[in-house]
Amino acid sequence: MRTVKAAAAAVTMALAAGAAGVAAGRFASDAALKAPPGGPLPTEPRLTVHATAAGRIALTRHLATLRPGRYGLVGDGSHAVVGPVLRTASHSADTVVRRLERVTHGTLKPGDKAWLTPNVHVGDPGAALGLDHTDVEIPGELGPLPAWFVPGVRDIWVITVHGLGATREHAMNVMELLHRHHLPVLVPAYRGDPGAPRSPDGLHHFGETEWRDLDAALRYAVRHGARQIVLHGWSTGATMALRAAARSGLRHHVAGLVLDSPVLSWEAALRALAAARHTPGVLLPLAVRAAQGRAGMHTGHPAGPAGIDLVTVPTLIFHGPDDTVAPWQLSRRLAGARPDLVALHTVRQAPHAAMWNADPDAYEEVLRRFLTPLM
């Protein structure tokens, strides 16, 4: 009898442990599958505002606040833009002083919590940049998709697509450059974005299903006069661009790809985001399996050499070794495997999807040189 009871207890404990493991894997996978648009990724630290003065702000000392370049600084109801570190400014040992370029809205005061974001503009192209634009609707698979259209005289369009944790405001970082070169720009939202239909399961799919909304944007562009199209994507938006260029029925209109911090392995990205949530390493495989079960994800596609089959047009990759979400090594491997089509511009000291922010002038010059032969 004791043996039977012991066996029953062991089975009960095993079942409980299994259920706990499934729940833990499900929670860990939420870091990527439920990343809210416009919210911080778990890899971005929460910072404290220590002081503000004319043209400067003191923030918690962290590797993030020591990054070069320009970033948005988002708090509770506030948005500001911070520039380079002011190394000669006096500060305490636990703070970093950066140039405060502007406060877009809200206020910043000591004690406020905030985080850095690639988005340096908020609103729409008219309010943020003074650019004429039209709000349009793209007929999508799940319903109408809101989009901005900034006109230009050329018949080669640029369609931009944001990635994890971002919104279409991200595209405004490069919009002025594209407008100066008279390129029409279409900036669509896609499933799960504010104003767009939800994914049926309410989850992100790392571009596996979302690319069909980009395909809808391609159809819209061609119907409205685009002869050729360049797809410019960040993070999972870059993954969507790769898939659309390879799978769309209108792929012959795609003249080039610009991939910023491309997610070439969803498993690696999910592990990184789950680990940033302090998920124990032993549970990370459970997070991957949970994502497979919940979102129907497939392993190993595209990743590294497997991505070679998706590259059929001139491609520019912006990526760097400090990206803790999407491994830079995979971009380097892809560029090395297809030197005839792929150019890799390495950006150091830049977090995920913030290659422009680390050095805007260099980014825009490389982008200009890539686009010029396509115009």
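Q: In which sense, parallel or antiparallel, do strand β9 (residues 156–161) and strand β10 (residues 185–188) pair?
A: The model is a predicted one, in which local features need pLDDT of at least 70, side-chain atom pairs count only at pLDDT 80 or more, and totals for chains, interfaces and linings use all residues. Strands here are DSSP runs of E with at least two residues, helices are runs of H or I with at least four, both numbered from the N terminus, and two strands pair if DSSP finds at least two bridges between them. Between β9 and β10 there are 2 bridges, with V158 opposite V185 in β10, and the sense of the pairing is parallel.

Q: What is the average twist from one strand to the next in the open sheet of 8 strands?
A: The strand order is β7-β8-β10-β9-β11-β12-β13-β14, with mixed pairing. At the edges stand β7 (134–139) and β14 (342–346), each with a single partner strand, so one side of each has no neighbour in the sheet. From one strand to the next, the twist averages 20°.

Q: What angle does the direction of helix α3 (residues 172–180) make with that of β8?
A: Helix α3 packs on the sheet and touches β8 (144–150), β9, β10 and β11 (228–234), where contact means heavy atoms within 4.5 Å. Angles run from 0 to 180 degrees between N-to-C directions, with axes taken as lines fitted to C-alpha atoms, for helices over the stretch in contact. Relative to β8, the direction of α3 makes an angle of about 45°.

Q: How far apart in space are I156 and I229, C-alpha to C-alpha?
A: I156 is found in strand β9, and its 3% relative accessibility is why I156 counts as buried. Not counting residues up to four places away in sequence, I156 touches L183, P184, Q228, I229, V230, A255, L374 and M375. Although I156 and I229 are 73 residues apart in sequence, their C-alpha separation in space is 5.3 Å.

Q: Why are α6 and α7 described as oblique to each other, and what is the handedness of their crossing?
A: Helix α6 (residues 266–276) and helix α7 (residues 284–295) pack at about 125° with axes 9 Å apart, and they are therefore oblique to each other, given that angles under 35 degrees count as roughly parallel, over 145 as roughly antiparallel, 65 to 115 as roughly perpendicular and the rest as oblique. Their contact brings W266, E267, L270, R271, A274 and A275 in α6 to L284, P285, A287, V288, A291 and Q292 in α7. A crossing is left-handed if the near helix is turned anticlockwise from the far one by less than a right angle, and right-handed if clockwise. For α6 and α7, the crossing is right-handed.

Q: Which residue in β5 stands opposite V82?
A: Strand β5 (residues 95–105) runs antiparallel to strand β2 (residues 56–60), to which 5 bridges join it. Strand β4 (residues 78–85) is also joined to β5 by 5 bridges, again antiparallel. The residue in β5 that stands opposite V82 is L100.

Definitions and conventions
Residues are numbered from 1 along each chain as its sequence is written. Side-chain values use heavy atoms; hydrogens and water are left out. Buried means under 20% relative accessible area, exposed over 50%, partly exposed in between (1.4 Å probe, protein chains only).
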